[in-house]
Amino acid sequence: MKRYSAFAIAREAFRHHAGWERAWRSPEPKSEYDVIIVGAGGHGLATAYYLGKNFGITNVAVIEKGWLGGGNTGRNTTIIRSNYLQDPSAAIYEKARSLYETMSQDLNYNVMFSPRGVMMLAQTQAEIRGYQRTAHANNLQGVTTEFITPERVKELCPIIELGGPRYPVLGALWQPRGGTARHDAVAWGYARACSDMGMDIIQQCEVTGIDQSRGKVTGVQTTKGAIKTKKLAIIVAGNSGDLAKMGGFRLPVESISLQALVSEPIKPCMDVVIMANTVHGYMSQSDKGEMVIGGGTDGYNNFTQRGSYHHLEETVRALIETFPMVSRLKMLRHWGGIIDITGDRSPIISKTPLGNCFINCGWGTGGFKAIPGSGWAMAELVAGGEPRELASAFGLERYQEGRFIDESVAAGVAH
Ligand SMILES: Cc1cc2nc3c(=O)[nH]c(=O)nc-3n(C[C@H](O)[C@H](O)[C@H](O)COP(=O)(O)OP(=O)(O)OC[C@H]3O[C@@H](n4cnc5c(N)ncnc54)[C@H](O)[C@@H]3O)c2cc1C
């Protein structure tokens with residue numbers, strides 16, 4: 001694969017951009033692989049990438065029923081942060097955040113990581129106490145955050161209204177190295193690197209069944225035929241329950257739609273990411289100038305990948321109190337994605353009751369930020385058969401043993 005560089009851009013400019021190669025191959029499936037990964041979202045592709053990079057395992061297929069990155073990975077609002085309360089969460093999200101810092105160089109693909117700073121507003125007394133506690137916990141965990149005053153909030157974000165009638169801004173949890181990245185570039189960058197290592201990314205191919213013998217996985221049935229595999233990794237976010245059913249086991253997850261919208265592009269007015277969890281709204285400005293706005297989940301379980309007006313009205317109404325300027329914006333588009341939520345709002349990176357079959361799911365409203373860390377930990381699990389340090393607390397057995405990793409404050413709504 002030819003590397004992207006400033007020199008390559010200059011060279012192609014002189015020959016009408018006719019010399020660029022396809023970013024990844026589109027092969028037909030082989031009859032057998034060492035590892036099959038179901039789901040070409042960020043987590044599936046990152047797992048494939050670290051299997052190759054860290055363990056030299058490259059006889060891998062990533063199978064995708066639609067187009068790569070077309071699930072939640074291409075539908076999220078791109079917030080990256082690691083200010084979680086519990087130690088196992090802070091460890092994996094901070095690993096991910098630190099991998100984002102060098103991802104463009106590692107993948108030779110510009111993922112537009114922008115560590116512009118993320119702020120979670122405290123708008124009730126309970127939130128002040130909660131975020132002050134998180135700031136203390138983060139400092140012990142080696143994650144740099146601080147609790148800041150309303151004056152500092154205004155300094156960092158002049159368009160904010162501090163004195164809202166219902167929920168005034170009382171402070172914020174501030175992570176200066178949090179930020180955003182271009183979500184589909186993350187999927188494309190990993191896909192290109194995986195394809196370059198000889199892995200097969202097979203799009204428009206749905207997994208419809210899981211073959212097993214004597215308690216172990218032997219292959220998958222797909223819309224492009226049967227494919228054998230020694231190991232299977234299921235990484236399909238909102239479809240996890242369906243795949244688990246094919247494998248003959250159940251998961252403690254619910255599927256539910258989460259919605260977002262963008263405004264028309266406007267001049268730069270906000271260079272931080274702000275999350276207002278009490279009123280269920282958050283906002284950042286994309287490089288194109290659109291205000292990227294997200295809200296909470298739908299009030300009922302569903303599989304709809306689309307937005308709905310009543311939900312958007314709720315989100316915008318809540319946000320206008322803190323950002324009155326939003327009332328003068330026109331909406332450009334809105335959409336939804338199917339996320340998978342666990343009871344303790346923490347992910348599952350785990351062996352399953354089916355031998356050689358592993359699952360990575362439950363990232364809920366906030367898994368974009370985790371992609372590189374999750375891929376790293378999942379590759380360790382798939383390669384060695386047992387979780388290493390990053391994933392050890394996230395096994396399925398925690399629901400039987402009552403060892404929950406309660407992140408409902410850090411991840412119940414927020415992204
Ligand atoms: C509106 C919205 C806003 C969000 N905002 C943020 C945010 O700001 N920050 C953040 O960190 N997170 C955010 N998230 C969450 C984040 O997007 C997800 O946690 C993350 O993208 C999950 O990635 P994934 O790779 O596990 O899943 P996905 O990207 O959904 O990939 C799973 C893939 O599996 C495929 N698949 C499913 N079934 C099959 C099958 N049978 N055969 C083959 N392929 C199959 C799907 O087509 C899909 O492409 C948001 C999500 C949404 C919907």
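Apart from its neighbours within four places in sequence, Ile37 is in contact (heavy atoms within 4.5 Å) with Gly44, Thr47, Ala48, Leu51, Val60, Ala61, Val62, Ile63, Ala233 and Ile235. The model is predicted, so that local features need pLDDT of at least 70 and side-chain atom pairs count only at pLDDT 80 or more, whereas totals for chains, interfaces and linings use all residues. Residues are numbered from 1 along each chain as its sequence is written, and side-chain values use heavy atoms, with hydrogens and water left out.

Ile37 is also among the residues that touch the most other members of the largest nonpolar core, together with Leu45, Tyr100, Val186, Tyr190 and Ile349, in a set of 52 residues; such a core consists of buried Ala, Val, Leu, Ile, Met, Phe, Trp, Tyr and Cys residues joined through side-chain atoms within 4.5 Å. Elements that each supply at least two residues of this core include β1, α2 (42-55) and α10 (371-384), while α7 gives the most, with seven residues.

Strand β12 (residues 253-265) has 10 of its 13 residues buried, where buried means under 20% relative accessible area, exposed over 50% and partly exposed in between (1.4 Å probe, protein chains only). Helices (H or I, at least four residues) and strands (E, at least two) are DSSP runs numbered from the N terminus, and two strands pair if DSSP finds at least two bridges between them. β12 runs antiparallel to β16 (residues 331-342), to which 11 bridges join it, with Ser257 opposite Ile338. Five bridges, likewise antiparallel, pair β12 with β15 (residues 290-297), where Glu290 is the bridge partner of Pro265.
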